[in-house]
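User: Please take one part of this model and examine closely how it packs against its surroundings. I would like a connected account that states the criteria behind each term.

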Amino acid sequence: MGNSGTCGDHGQRFESLPHNDPTNLEDMMNEHCERYTALLTRAVEVAAAADRYANAKRALVGGAKRELQLASTWHLRRASVPSSVDNLTFAHGSNEHALGGLDVCPIAFLGLKAAGATAYPWLIEAAMLNPAGSYIDHARVALQPPERRAYCVELGAYHRFQHKLEVYHRAVTDWQASPSANNPAARWRRRAVTAKQRYLMNIVGECLSAAEPGFPPPQAFNRGAAHDWLRDAGGHPMFWHRPSPPSALS
């Protein structure tokens with residue numbers, strides 16, 4: 001150890017530092033801060049890139065698992081039955097997909113199809129502008145004017161409701177005619193209230209309370225009691241009143 005109080009090369013490097021010059025010390029500190037900031041920024045960028053890569057991998061794995069699940073259970077789905085309603089519904093929907101029609105509002109599109117002769121002039125006008133276009137192309141143009149679109153949406157919603165009402169009534173009628181529904185000692189009646197029953201009871205209760213402020217909240221301690229209460233209350237409130245079709249465009 002020398003008189004300088006330092007040790008070997010480390011001491012020489014320390015003595016060589018311009019520690020008596022505040023300006024040089026400040027520059028060195030700024031330089032170190034800049035290097036640290038650059039390294040930190042790069043580390044954050046690398047971490048973000050790693051997260052994006054991991055998320056992409058997880059998405060691919062998740063998508064593959066869903067595809068495998070769909071493939072393995074396809075034979076159990078109603079759409080897999082040839083010529084069934086679900087099978088034909090999927091087939092017609094895939095046809096519109098093939099023509100690039102998934103961007104068209106399905107309710108407005110239903111109204112356009114249901115409009116019949118009212119919509120033909122709109123489609124012919126669109127076809128004259130684009131003779132090489134498909135029906136989807138012409139329908140997309142025909143639905144652009146706001147008043148037409150509003151009319152088709154209202155008409156489509158009306159027909160959609162009629163279809164849902166028919167399906168609902170058929171399901172209720174089939175269930176009410178079944179032995180299980182008419183057996184007061186059936187095991188299902190003693191089971192816990194389902195989440196769907198609880199949700200529907202709350203909705204019906206809110207509707208009836210709005211009409212009758214003193215209406216008591218529903219009480220059901222099992223699945224059978226909930227079923228009977230919903231049946232006596234009129235079923236799903238969505239189907240209590242039928243909508244009217246829209247007035248024809250002038």
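The model is predicted, so local features are reported only at pLDDT of at least 70 and side-chain atom pairs only at pLDDT 80 or more, while totals for chains, interfaces and linings use all residues. Residues are numbered from 1 along each chain as its sequence is written, and side-chain values use heavy atoms, without hydrogens or water.

Of the contacts in the protein (heavy atoms within 4.5 Å) that link residues at least 6 apart in sequence, 66% join residues at least 24 apart.

Helix α4, spanning residues 106-114, is the part I examine here. One of its partners is helix α6, residues 135-142, whose axis comes within 11 Å of that of α4 and crosses it at roughly 100 degrees (axes are lines fitted to C-alpha atoms, for helices over the stretch in contact, with angles from 0 to 180 degrees between N-to-C directions). The two helices, α4 and α6, are therefore roughly perpendicular to each other (65 to 115 degrees; under 35 is roughly parallel, over 145 roughly antiparallel, the rest oblique). On the α4 side the contact is made by Phe109, Leu112 and Lys113, and on the α6 side by Tyr135, Ile136 and Ala139. By class, the residues of this contact between α4 and α6 comprise five nonpolar, no polar and one charged (nonpolar: Ala, Val, Leu, Ile, Met, Phe, Trp, Tyr, Cys and Pro; charged: Asp, Glu, Lys and Arg; polar: the others, Gly among them).

Another partner of α4 is helix α7, residues 146-176, and here the axes lie 7 Å apart and the packing angle is about 90 degrees. For this pair too the description is roughly perpendicular, as the angle between α4 and α7 therefore requires. From α4, the residues Ile107, Ala108, Leu110, Gly111, Leu112 and Ala114 take part, and they meet Cys152, Val153, Leu155, Gly156, Ala157, His159 and Arg160 of α7. The residues in the contact of α4 with α7 divide into nine nonpolar, three polar and one charged.

Conventions. Helices (H or I, at least four residues) and strands (E, at least two) are DSSP runs, numbered from the N terminus.
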